[in-house]
Amino acid sequence: MREPARFLREPKIVNVGAKHFYDDLKSQGADAVHVDWRPPAGGNREMADLLDKLKKL
Amino acid sequence: MGKIEEANEKALKSIIEAKPMVIGIKKAKDVIPGMKEHMLLHAGPPITWERMCDPQRGAVMGASVFEGWADTPEEAAKMAERGEIEFAPCHDHDSVGPMAGITSPSMSVYVVKNEVHGNMTYCNLNEGLGKVLRYGAYSKEVLDRLRWMESEMAPLLTEAFKRSGPIDLVGIMAKALHMGDELHCKNTAATFIFLKTMSPHMVETGFDGKIVSRVMEFMGRNELTFLQLSMAASKAMLDAGHGIDYSTVVTTMTRNGTDFGIRVSGLPGQWFTAPAPKPKTLFFPGFKEGDEGGDIGDSAIMETMGLGNFACICAPAVVQVVGGTVKDAENFTREMREITIARHKAFTIPYMNFEGTSLGIDIRKVVETGIEPSINTGVTHKKAGIGGVGFGLVRAPMDCFKKALKAFVEKYG
């Protein structure tokens, strides 16, 4: 059986969002980076609607 | 280009082109618009005596005794309770004041003029660190120092300014950013440049050598001497961009220990407030967690201008003071780029290949990203009479920006 490609044996991980996943990966020695992404307006529908209204101006 | 983008461009152009110059020193009652007898200006958004935090009350009491309105601080407190003292934000009177920010009619203030747009700003003189009026202390030692500043320091500087002529504040601030200052908690280089500039003129006044020596020693020992000028200059620049219809640029961030308040260029006359948070503090020896008061001071004008914490990579020593690392300083600086929409041209960051400092906090970006502006700050004791307890980091409350966004859509949407 063929050996898996190197990138499958040594994954490089980009963690987006919840940082505790990244923390867990790093504690196990994984090669990972964290992207501090959050949903627009923190997921607040009222604020997101207000921001959308301003896009029309 | 949309109406908001066009308005923001106009506001930022004015802010960047502004040229604040310090032109002299005058008594507050002679120059600050609307200043009158039995009136005290304060840091932060509007507040009543009943809601004032203890340190700001302490400063009110001290200033009232300084003015001769009361013989004791306790008598001053009773005057305030009876409504015999009128309070107003410094910001509503073209002024700024660090920490409690109490500015009284007889206090001397720096007079700053924006030579491009003509607007003026004012700020009182810095007393130093520790047990001082602006941190809520009001002992005899505090009042004696204020009286000395009025009897020797202000008259000497007044005469010195007549000889020096107007002094370019942007020039000093730009140099200081290259010399390890962030211009909020660290004004060391700016203070020394200012003292270097003024000292020949101070000597030339012909005042007694001992007076000149005392004043120069006081200003040199106090590495926050230039903070008042950093603040007045920043207000002069930001005010030039205030009142532009459709602009979402934040032109004021300030706090009074009880409330945190912001103002937005396209929403003149309105304050948007939320409870003032407590700073994450590195305490001076002898103080501990639980001693700190609420976030206080007009000095958040520095971060509004894209300096202070927004440029803290220029002054890694400041982050060290509050327990961070150089990498933290860079992270703060880069993070604040996410909520701003321009770069200054005169203020540049050596560590980041001389890129301009961030400018133009946009209420839309703050709400959209969830990133609250980060502020370096001095910290008062929660009780009046004690003074400063350390330095800290604090975030501007998101609620201020959400309220501003709602009001903006109501007006323009």
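This is a predicted model: local features need pLDDT of at least 70, side-chain atom pairs count only at pLDDT 80 or more; totals for chains, interfaces and linings use all residues.
Residues are numbered from 1 along each chain as its sequence is written, and chains are lettered from A and ligands numbered from 1 in the order in which they are written. Local features need pLDDT of at least 70 and side-chain atom pairs count only at pLDDT 80 or more, while totals for chains, interfaces and linings use all residues.

**Exercise 1. Describe the domains of chain B and the side of domain 1 that touches domain 2.**

Step 1. The domain assignment of chain B gives domain 1 (19-230) and domain 2 (243-412); such bounds come from an automatic or database assignment. Their centres, taken over C-alpha atoms, are separated by 22 Å.

Step 2. Contact between 44 residues of domain 1 of chain B and 43 residues of domain 2 of chain B joins the two. Two residues are in contact if their C-beta atoms, placed from the backbone, lie within 7 Å.

Step 3. On the domain 1 side, the elements that give two or more residues are α3, α6 (169-177) and α9 (227-240) of chain B, and α3(B) provides the largest share, five residues. Helices (H or I, at least four residues) and strands (E, at least two) are DSSP runs, numbered from the N terminus.

Step 4. The residues of this side divide into 24 nonpolar, 13 polar and seven charged. Here Ala, Val, Leu, Ile, Met, Phe, Trp, Tyr, Cys and Pro count as nonpolar, Asp, Glu, Lys and Arg as charged, and the others, Gly among them, as polar.

**Exercise 2. Locate the largest nonpolar core and identify the members that touch the most others.**

Step 1. A nonpolar core is a set of buried Ala, Val, Leu, Ile, Met, Phe, Trp, Tyr and Cys residues joined through C-beta atoms within 7 Å. A residue is buried if 20 or more other C-beta atoms lie within 10 Å of its own, exposed if 12 or fewer, and partly exposed in between, with C-beta atoms placed from the backbone.

Step 2. The largest core has 136 residues, of which B:Tyr110, B:Ala232 and B:Ala404 touch the most other members. Because domain 1 (19-230) and domain 2 (243-412) of chain B both give residues to this core, it lies between them.

Step 3. Apart from neighbours within four places in sequence, B:Ala232 is in contact with B:Val96, B:Tyr110, B:Val112, B:Thr121, B:Tyr122 and B:Cys123.

**Exercise 3. Determine how chain B touches chain A, and which element gives the largest share.**

Step 1. In this interface, 14 residues of chain B are in contact with ten residues of chain A. On the chain B side, α1 (3-17), α13 (363-369) and α14 (398-412) are the elements that give two or more residues.

Step 2. The largest share, five residues, comes from α14(B). The side as a whole divides into six nonpolar, three polar and five charged residues.

Step 3. Among the buried residues of α14(B) are B:Phe401, B:Ala404 and B:Leu405. The buried residues of this helix pack against α3 of chain A together with β9 (259-264), β10 (272-275) and α13 of chain B.

**Exercise 4. Are A:Ala41 and B:Asn353 buried or exposed, and what phi does each have?**

Step 1. Most residues other than glycine have a negative phi.

Step 2. A:Ala41 has a positive phi of about 55° and lies in the loop between β2 (31-35) and α3 (45-55) of chain A. A:Ala41 counts as buried because it has 23 C-beta neighbours inside 10 Å.

Step 3. B:Asn353 has a positive phi near 55°, in the loop between β13 (340-349) and β14 (355-361) of chain B. With 7 other C-beta atoms within 10 Å, B:Asn353 is exposed.
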